[in-house]
Amino acid sequence: IRKIVAKLPARRQTLFFSATMPKDIAELAEHMLRDPARVAVTPVASTAERITQRIIQVDHSAKPGILSELLKSEPVNRALVFTRTKHGADKVVKGLAKAGIAAEAIHGNKSQNQRDRVLAAFREGTVRPLVATDIAARGID
């Protein structure tokens, strides 16, 4: 973005639209825009009070085993697991199945009917771990 902006004329009108506004992008916009106006449809999302979040730093190769162990040993009614890619989400679901844990994935390669079915099962508690790509997870609340 910086390289593109450097090639633009100094006198210009810039419009910047984003469905999400991570801190890094907001800082980038502050440096590149002059007297910007910000329009937000909804307030910044926060975690619901009933949700517990946890980060555990582990080596990449240890992730599948630790996730399986956590889901077996912790009293978790439902878990939302994020992956970076669609392939990664499917891989996590297969790994959990090998460990005896039924899970479902939600991502862009699923039809709307499949996504609706999986989300309904997750809400009802019939699917305990839901594995979602970070892109697919934007609409989950």
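1. Of the 141 residues in the protein chain, 21% come out as buried, where buried means under 20% relative accessible area with a 1.4 Å probe and protein chains only. Keep in mind that this is a predicted model, with local features needing pLDDT of at least 70, side-chain atom pairs counting only at pLDDT 80 or more, and totals for chains, interfaces and linings using all residues. Residues are numbered from 1 along each chain as its sequence is written, and side-chain values use heavy atoms, leaving out hydrogens and water.

2. On overall shape, the protein chain has a radius of gyration of 20 Å, while a compact globule of 141 residues would sit near 14 Å. That radius is taken over C-alpha atoms, and the globule rule is 2.2 Å times the number of residues to the power 0.38. The C-alpha box, taken along the principal axes, is roughly 60 × 30 × 30 Å.

3. The protein chain has 5 helices and 3 strands, in the order α-α-α-β-α-β-α-β from the N terminus. These are DSSP runs numbered from the N terminus: helices are H or I with at least four residues, strands are E with at least two. Looking at contacts between residues at least 6 apart in sequence, 61% join residues at least 24 apart; a contact means heavy atoms within 4.5 Å.

4. Now the inside. The largest nonpolar core has 11 residues, among them Leu67, Leu71, Val93, Leu96 and Val131. A nonpolar core here is a set of buried Ala, Val, Leu, Ile, Met, Phe, Trp, Tyr and Cys residues joined through side-chain atoms within 4.5 Å. Helix 3 (63–73), strand 1 (79–83) and helix 4 (86–98) each put in at least two residues, and helix 4 has the largest share, 3 residues.

5. What does Leu71 touch? Leaving aside residues up to four places away in sequence, Leu71 touches Ala79, Leu96, Ile101, Arg128 and Pro129. There's also a second, separate core of 6 residues, including Ile106, Val118, Leu130 and Ala132.

6. Last, the second largest pocket, lined by 13 residues, with Ile1, Val5, Thr14, Phe16 and Met32 nearest its centre. By class, its lining has 11 nonpolar, 1 polar and 1 charged residues. Helix 1 (2–6) and helix 2 (23–32) each supply at least two lining residues, and helix 2 gives the most, with 4.

Notes: Buried < 20%, exposed > 50% of the residue type's maximum accessible area, 1.4 Å probe, protein only. 1 Å grid on protein atoms, 1.4 Å probe; cavity = no way out; pocket = protein on both sides within 12 Å on 5 of 7 lines; lining within 4 Å. Nonpolar A, V, L, I, M, F, W, Y, C, P; charged D, E, K, R; others polar.
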